[in-house]
Every structure is written in structure tokens, then in C-alpha cells.
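Please look over the sequence and the structure shown here before reading on. The briefing that follows takes up strand pairing, helix packing, nonpolar cores and backbone geometry in turn.

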Amino acid sequence: MSKTHILIVDDEPQIRKFLRATLTSHDYQVSEAEKCAEAMKLLTTHPPDVMLLDLGLPDGDGLDVIKELRGWSQLPVIVLSARGQEQDKVTALELGADDYLTKPFGAAELLARIGVALRHSQAGSQGQESLFASEGLMVDFGKRLVSVDGKEVKLTPTEYKLLCTMTRHAGKVVTHGQLLREVWGKHATEQGHYLRIYMQHLRQKLGDDALNPRFLITETGVGYRLKA
């Protein structure tokens, strides 16, 4: 069975060295690129299973790589960048990145995010699962049944749609804009107050605490993440 192949796109030798050592020690196959052009060539000639992408590259912006890639591939992309501003995260995620880690980050967090990206990729190729279960939360899509610790939770249609959207992206950051488009439609992207209100109601019904979340984590200024 072939190893999972990860493409590292970063112009900093020390970062590539750290990533290569971390990934190969966990039995991943690794290839590397320093520039956008090199990355695009490898994506077509030696397609990886996941791409780790820096944004500030010598011959362009990693955001342009995401835009071009999303024209023909749903390859999982995890952005690794020193740009910590909320808008940079939102832009990368809205363009199609699957996740975003701000430098510096730890090996354990990186490996966890890669694991989530791979599971999403596999689930997408196999179709929608009929059941989601994590941390005591269970969603039975066939029966439209939601429960927490075995107790049924009654949700409104909109709350249920919001939760189902989060389960499809479990473990990943979903931006405010993405949630508004998927739950309320493409013309609702400026109605952020709807999302805040419904997310508050959903948390209350699930018995979740925004300050100490069991299920739904707030990514300040960016969106939300459902624990996977």
C-alpha cells in the first residue's frame, strides 16, 4: 500500500526541514517546492494527497495557487503562514483552503489537522455518511435525529441545517460567509447577525458553552469549528 503523499510549498529551508522530519517520522511521503511555479508543476505531474502551502512565496502569492487549483481539483490544502490577520485567514478559506495554521505551530497540531483533511477527502469520495458521532454528539441524517449523551435534542429546521453544515466540515474552520451561503443562500452573506443568533440558540440546545466549548469552537473574526 502506497504511503500518503504530502507536498510542502514553502521558501524557508528551516520550515521545510522541520516539516519533512515531522512527516517522514510519521510515515508520510514528502515532496517539496519553494515557488508557486514549482508547486503547480508538481500538482500536475506528481499529485499529492494533501498540500501544505505558505502564502508568501518568491514568485507570487499562495492564494493564487489555491485559486488556480480549485479550478480543477478538490485536493486538501492546509495553509501555513506567518500572516496571522483574520482577513488573511478568511480570504484563504473562502478561496478553498481546507484549514489554516499560523506560524509557529506545533507538530501535534499539524498532524491532527492533516488527519482531519485526509478524513474529509476520503469521506467526500465515498459520499455522505448516514451518521455523525463525536464527543457525545450524534446526528442521524436518515432519521433527522440529534442527540447529546443519548438524549434527543429538538432543533428547528434552520438550526438542524446549520448543525448538519458544521458536521460536513467537522474539524475544519468554516467561515461566516461559507455558513451564510450554505444555510441561508448566496444572497445572505452580509447577514452575519442571523448566524450569531442561530449559533447561540444551537449552542444552548446542545448544552454547549462558548467560553468552554465542548462542540462548537469560535474562531474569532473568521468563523466556527466543530470538534471532530
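## Briefing on the predicted model

Over two bridges, β10 and β11 pair in the antiparallel sense, where strands (E, at least two residues) and helices (H or I, at least four residues) are DSSP runs numbered from the N terminus, and two strands count as paired if DSSP finds at least two bridges between them. This is a predicted model, in which local features need pLDDT of at least 70 and side-chain atom pairs count only at pLDDT 80 or more, while totals for chains, interfaces and linings use all residues. Residues are numbered from 1 along each chain as its sequence is written, and side-chain values use heavy atoms, with hydrogens and water left out.

**Strands and sheets**

- Strand β6 (residues 77-81) has five of its five residues buried, buried meaning under 20% relative accessible area, exposed over 50% and partly exposed in between, with a 1.4 Å probe and protein chains only.
- In a regular strand the side chains alternate between the two faces of the sheet.
- Both faces of β6 are covered, with V77, V79 and S81 buried on one side and I78 and L80 buried on the other.
- Strand β3 (residues 50-53) runs parallel to β6 and is joined to β6 by three bridges, and M51 stands opposite V77 in β6.
- β6 and β7 also run parallel, joined by four bridges, and L80 stands opposite L101 in β7.

**Helix α1 and R16**

- The twelve residues of α1 should span 16 Å at 1.5 Å a residue, and the end C-alpha atoms are 16 Å apart, which agrees; the expected span is 1.5 Å times one less than the number of residues.
- I15, R16, L19, T22 and L23 are buried in α1.
- Seen down the axis of α1, these buried residues fall within an arc of 135°, so they line one face of the helix, the arc being that of the directions from the helix axis to the C-beta atoms.
- On the other side of α1, P13, Q14 and K17 are exposed.
- R16, which lies in helix α1, counts as buried at 10% relative accessibility.
- The side chain of R16 reaches the backbone oxygen of D10 at 2.9 Å, a polar contact being a pair of N or O atoms within 3.5 Å in which, within protein, one must be able to donate a hydrogen and the other to accept it, and for which residues adjacent in sequence count only if both atoms are side-chain atoms.
- Not counting residues up to four places away in sequence, R16 touches I8, D10, D11, E32, A33 and E34, contact meaning heavy atoms within 4.5 Å.

**Nonpolar cores**

- The largest nonpolar core has 25 residues, and those with the most contacts inside it are L137, V146 and L206; such a core is a set of buried Ala, Val, Leu, Ile, Met, Phe, Trp, Tyr and Cys residues joined through side-chain atoms within 4.5 Å.
- At least two residues of this core are supplied by each of β9, β10 (145-148), α6 (157-168), α7 (176-184), α8 and β14 (223-226), and the largest share, five residues, comes from α6.
- L206 touches L137, V146, V148, V153, L163, F215 and L216, not counting residues up to four places away in sequence.
- A second, separate core of 21 residues includes A39, M40, V77 and Y100.

**Loops and backbone geometry**

- Most residues other than glycine have a negative phi, and most peptide bonds are trans.
- The peptide bond from K103 to P104 is cis, with omega near -5°, and P104 is placed in the loop between β7 (99-102) and α5 (107-126).
- D27, in the loop between α1 (13-24) and β2 (29-33), has a positive phi of about 70° although it is not a glycine, and D27 is partly exposed with a relative accessible area of 49%.
- E135, in the loop between β8 (131-134) and β9 (137-140), has a positive phi of about 55° although it is not a glycine, and E135 is partly exposed with a relative accessible area of 48%.
- D209 lies in the loop between α8 (192-206) and β13 (216-219) and counts as partly exposed at 39% relative accessibility, while a polar atom of the D209 side chain lies 3.0 Å from the backbone nitrogen of L211.
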